[in-house]
Amino acid sequence: MALSEIDITKCIVERFSRDFLEYSSLDVAIAGGGPSGMTAAYYLAKEGAKVAIFERNLHIGGGMWGGGMLFPKIVVQDDAVEIMEGFDIRLEPFGDGYYSADSVEVVVKTTAAAIAAQARIWVGISVEDVLIREDDRVSGVVVNWGAVELSGLHVDPLGVESTIVIDSTGHDAYVARNLARKVPGCRLLTDTGDVVGEKPMWAEAGEEEIVGNTREVWPGLVLAGMAANTVMGSPRMGAIFGGMFLSGKRAAEIALDRIHR
Ligand code: 48H
């Protein structure tokens, strides 16, 4: 068989365009492919929701790769064991109620589970804004290449519509922060009506509060993971990740409820 560069070009461009168009209208658009976003995608897709993750980096996994201070291990607590076992992740007990997992295994297995459940994962694509309708309801994401964001080039983005947007962008809580800044009179469902801001490390409180912080903070916008603690004003927790998986699952439940309403 003679290889043709043009056939390779056509194959890539046609297949990407086909898939991107198929996923331009979604039940749930997820900004950020860390542990909370990946878990949310898995539980949503498993229930038949049409869901895509937009991850600005060329790799998914967010803060999982780095474990704790580059030691490639993450810690989870009892509450999250069921979720981890659902992903077939091997856990090693440690002390009273802690488990360690290999950070590479966690990234790979959560991602494989989300893909097998039919979630679409786009890497190298940033969420730079949201779509807004009459009532200021969030009704989709505005996306651009991550490389465009990095380069600072002036390139206009594209829109993807969705019933729900999940902000799982981690410590920055990019989507909620952007919304609060841009919508006049926006009052998020927080104590201040604005992004309250992350508090210094306190593992127990940070983990205890994260599932409660996982909520629809504005019509159409659900928080997950560290973004939930940042927006609601709770502490960070360091390299314990159970709360991220529990929050991702909770975000999926909230989103499913809104979709079916
Ligand atoms: C597209 C974006 C954008 C954007 C960011 O940081 P993450 O791993 O987030 P979580 O909340 O799932 O997990 C948090 C955890 O990793 C962590 O940081 C912990 C436990 N910290 C505790 C502590 O004390 O430090 O993943 C977020 C992902 C990343 O991959 C970003 O690249 C991506 O979101 N992202 N993707 N568009 N605008 N902003």
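1. Ile12 is exposed, with a relative accessible area of 55%, where exposed means over 50%, buried under 20% and partly exposed in between, with a 1.4 Å probe and protein chains only. This residue lies in helix H1, which spans residues 5–22; helices (H or I, at least four residues) and strands (E, at least two) are DSSP runs, numbered from the N terminus. Together with Ile8 and Val13, Ile12 makes a nonpolar surface patch of about 290 Å². Patches are made of residues with over 30% relative accessible area and no salt bridge, like charges being joined within 9 Å and nonpolar side chains (Val, Leu, Ile, Met, Phe, Trp, Tyr) within 5 Å, and the accessible areas come from the Shrake-Rupley method with a 1.4 Å probe, with only the protein chains shown counting as cover for residues.

2. A word on the basis of these values: this is a predicted model, in which local features need pLDDT of at least 70 and side-chain atom pairs count only at pLDDT 80 or more, while totals for chains, interfaces and linings use all residues. Residues are numbered from 1 along each chain as its sequence is written, and side-chain values use heavy atoms, with hydrogens and water left out.

3. For the protein chain as a whole, the secondary structure comes to nine helices and eleven strands. Its radius of gyration is 18 Å, close to the 18 Å that the globule rule gives for 261 residues, so the chain is as compact as a globular protein of that length; the radius is taken over C-alpha atoms, and the rule is 2.2 Å times the number of residues to the power 0.38. Along the principal axes, the C-alpha atoms fill a box of roughly 60 × 55 × 40 Å, and 52% of the 261 residues count as buried.

4. Six aromatic pairs are found in a search of the whole structure, a pair being two rings of Phe, Tyr or Trp (its six-membered ring) whose centres lie within 6.5 Å, with planes under 30 degrees apart counted as stacked, over 60 as edge-to-face and the rest as tilted. One of them joins Phe16 and Trp122 edge-to-face, at 5.3 Å centre to centre and with 70° between the planes. Phe16 lies in helix H1 and Trp122 in strand S6 (residues 120–123), so this pair ties together parts that are 106 residues apart in sequence. Phe16 counts as partly exposed at 30% relative accessibility, whereas Trp122 is buried at 8%. Another edge-to-face pair is formed by Tyr42 and Tyr43, at 4.9 Å centre to centre and 75° between the planes, and both of these residues are buried.

5. Ring pairs also link Phe16, Phe20, Trp122 and Trp145 into a cluster.

6. The whole structure holds eleven salt bridges, each defined by a side-chain nitrogen of Lys or Arg within 4 Å of a carboxyl oxygen of Asp or Glu. In one of them Asp129 meets Lys182 at 2.5 Å, N to O; the two residues lie in strand S7 (residues 125–132) and helix H6 (residues 174–182) respectively, 53 residues apart. Asp129 counts as buried at 17% relative accessibility, while Lys182 is partly exposed at 45%.

7. Glu216 and Arg258 meet in another salt bridge, at 2.3 Å, N to O. Glu216 lies in strand S10 (residues 216–218) and Arg258 in helix H9 (residues 242–260), so the pair ties together parts that are 42 residues apart in sequence. Glu216 is buried at 17%, and Arg258 is partly exposed at 23%. Arg258 also bridges to Asp257, with the closest N and O atoms 2.6 Å apart, and Glu216, Asp257, Arg258 and Arg261 are linked in a network of salt bridges.

8. Two backbone angles deserve a look. Met69 has a phi near 50°, a positive value in a residue other than glycine; it is found in the loop between strand S2 (51–55) and strand S3 (73–77) and is exposed at 77% relative accessible area. Gln118 has a positive phi near 85°, lies in the loop between helix H4 (103–116) and S6, and is exposed at 55%.
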